[in-house]
Amino acid sequence: MARLTPVTPVTPVTRYAVPAALAALLSAGVASPAFALDVDAAKSLAQSNNCTQCHGIKKDKDAPAFLKIAEKYKGKAGAEDELLKHVTSGKKVKLADGSQEDHKIVKTIPANDQAQMRNLIKWILATQ
């Protein structure tokens, strides 16, 4: 059986530094697009859909504040999927005054862009 020789010699520095750097990036969410959050895009989508007309960031308006939503769903399995269904279904919601109305369906360009909607939801869930 032939033995392969590495092109770059493995030194103590490359043996430990490279995996450590990669682990740091992964834990920070930098190296994985699954954890990336585009705050500016989320704010822009919220603004274009008038989300803050009913939802405050930290204070309730006619609907719960994003902070209250984030607290409600913190650590809950399936939170993203549940909120995605909420912003895409137009189901009835109860307002602060007790009245009900259909929740506005989030519109994206291109239409029904799940990545944009999930980014918006991640931003809401990250509210502190």
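A residue counts as buried when its relative accessible area is under 20%, and as exposed when that area is over 50%. With that cut-off in hand, welcome to this predicted model. The chain has five helices and two strands, and along the sequence they follow the pattern α-α-α-α-β-β-α. The points below start with the whole chain and then visit a histidine, a helix and the charged pairs.

**The chain as a whole**
- Of the 128 residues in the chain, 27% are buried.
- The chain exposes about 9,300 Å², and carbon and sulfur atoms supply 59% of that area.
- Among contacts with a separation of 6 or more, 50% are made by residues 24 or more positions apart.

**A buried histidine in a loop**
- His103 sits in the loop that runs between β2 (100-102) and α5 (114-125).
- His103 counts as buried because its relative accessibility is 17%, and the limit is 20%.
- Leaving aside residues up to four places away in sequence, His103 touches His55, His86, Val87, Gly90, Lys91 and Val93.

- Phe66, Leu67, Ile69, Ala70 and Tyr73 are the buried residues to look for in α3.
- Looking down the axis of α3, you would find its buried residues within an arc of 160°, so they line one face of the helix.
- Just after α3 comes Gly75, which takes a positive phi of about 75°.

**One aromatic pair**
- Searching the whole structure turns up one aromatic pair.
- The pair is Phe66 with Trp123: their ring centres are 5.6 Å apart and their planes meet at 70°, so the arrangement is edge-to-face.
- Because Phe66 belongs to α3 (residues 66-73) and Trp123 to α5, the pair ties together parts that are 57 residues apart in sequence.
- Both Phe66 and Trp123 are buried.

**Salt bridges**
- Side chains of opposite charge can pair when their charged atoms come close.
- The structure has five salt bridges by the count used here.
- One of them joins Lys68 to Asp60, with the closest N and O atoms 2.6 Å apart.
- Lys68 is partly exposed, at 43% relative accessible area, and Asp60 is partly exposed too, at 40%.
- Another links Lys76 with Glu82, where the closest N and O atoms are 3.3 Å apart.
- Lys76 is partly exposed at 40% relative accessible area, and Glu82 is partly exposed at 35%.
- Lys92 and Asp102 also meet through their side chains in a salt bridge, at 3.3 Å from N to O.
- Since Lys92 lies in β1 (residues 92-94) and Asp102 in β2, this pair ties together parts that are 10 residues apart in sequence.
- Lys92 is exposed, with a relative accessible area of 52%, whereas Asp102 is partly exposed, at 48%.
- Glu80, Asp81 and Arg118 are joined in a network of salt bridges.

Methods
Residues numbered from 1 in each chain as written. Predicted model: local features only at pLDDT ≥ 70, side-chain atom pairs only at ≥ 80, totals over all residues. Heavy atoms only, no water. Helix = DSSP H or I, 4+ residues; strand = E, 2+ residues; numbered from the N terminus. Buried < 20%, exposed > 50% of the residue type's maximum accessible area, 1.4 Å probe, protein only. Contact = heavy atoms within 4.5 Å. Areas by Shrake-Rupley, 256 points an atom, 1.4 Å probe, with all protein chains shown as cover. Phe/Tyr/Trp six-rings, centres within 6.5 Å; stacked < 30°, edge-to-face > 60°. Arc of directions from axis to C-beta. Salt bridge = Lys/Arg side-chain N within 4 Å of Asp/Glu carboxyl O.
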